[in-house]
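Thank you all for coming.

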Amino acid sequence: MTRTHDQFLPEGTKIGVYEIKNVLSSDSFSVSYRALNHHMKGQVVLKEYFPQDLAKREKGQQEITLSSPEKQESFEFGLKEFLQQADTLLLIEHPNIVPTENVLQINGTVYLILTHQTGVPLSKLDNTSELFGDTEAKFILTAILQALEKVHEHDMIHGEINPGSILLDKKGEPKHTEFSAARLALAQQTNALDKEL
């Protein structure tokens, strides 16, 4: 099932003190929006738990609902995992991990609010003539490994590391931006349920 654009929250939607500006990305598990924090007057990223195989949003609505009643157990399992991952990320402070600012449970789902970061993903640098020397590559790798060590101290797995999930900020500092523990747990759970049916 492919999510249609009318299932995304439109520009101007208010989620607490946050106002949606546009969709940054979406996948089978979640949607990320660029938003404005009216209280702090800064930009943030809202990551919405929205598993496309389990849930839907009617046009013009903010609420997420089940795509069918038999999806409830899987949806609630994923919601719990997403919330647990969000709560853990709130506890983690590391210069090479994008900070988590807040977590909201509203509209039948959970929103993870992250500090908006400007920079270039490593995936985009891969496709250019800019190549990293040994020193730069070791710096990036060491920084990300230290960040993941911090994550492991909180008994959370990162899920995946790829060039698209590592952002180089304006100072050249690498930031890990994506955690997939909840998505992987839901995938494992739904696969297990499929095998039982």
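Predicted model: local features only at pLDDT ≥ 70, side-chain atom pairs only at ≥ 80, totals over all residues.

Let me start with a group of four residues, F29, Y49, F75 and F82, which form one aromatic cluster. Residues are numbered from 1 along each chain as its sequence is written, and side-chain values use heavy atoms, with hydrogens and water left out.

A search of the whole structure finds 4 aromatic pairs, where rings of Phe, Tyr and Trp (its six-membered ring) pair if their centres lie within 6.5 Å, and where planes under 30 degrees apart count as stacked, over 60 as edge-to-face and the rest as tilted. One of these pairs joins F29 and F82, whose ring centres are 5.9 Å apart with planes at 50 degrees, so the pair is tilted. F29 sits in the loop between strand 2 (18-26) and strand 3 (30-37), whereas F82 belongs to helix 1 (residues 72-91), so this pair ties together parts that are 53 residues apart in sequence. Helices (H or I, at least four residues) and strands (E, at least two) are DSSP runs here, numbered from the N terminus. Both F29 and F82 are buried, and buried means under 20% relative accessible area, with exposed over 50% and partly exposed in between (1.4 Å probe, protein chains only).

F82 also pairs with Y49: the ring centres are 5.6 Å apart and the planes at 35 degrees, so this pair is tilted. Because Y49 lies in strand 4 (residues 42-49) and F82 in helix 1, the pair ties together parts that are 33 residues apart in sequence. Y49 and F82 are both buried.

Turning to the sheet, 6 strands form an open sheet in the order 1-2-3-4-8-7, with antiparallel pairing; two strands pair if DSSP finds at least two bridges between them. Its edge strands are strand 1 (14-15) and strand 7 (100-106), each of which pairs on one side only. Strand 1 is joined to strand 2 by 2 bridges, and the two run antiparallel; K14 has E19 in strand 2 as its bridge partner. Helix 1 packs on the sheet and touches strand 4, strand 7 and strand 8 (109-115), its direction making about 155 degrees with that of strand 7. Contact means heavy atoms within 4.5 Å, and axes are lines fitted to C-alpha atoms, for helices over the stretch in contact, with angles running from 0 to 180 degrees between N-to-C directions.

What about the charged side chains? The structure holds 5 salt bridges, each a side-chain nitrogen of Lys or Arg within 4 Å of a carboxyl oxygen of Asp or Glu. Among them is the one between E19 and K21, at 3.6 Å from N to O; E19 is buried, at 14% relative accessible area, while K21 counts as partly exposed at 25% relative accessibility. In another, the closest N and O atoms of R57 and E48 are 2.3 Å apart, and both residues, R57 and E48, are buried.

Finally, for the chain as a whole, the secondary structure comes to 4 helices and 11 strands, and 41% of the 197 residues count as buried.
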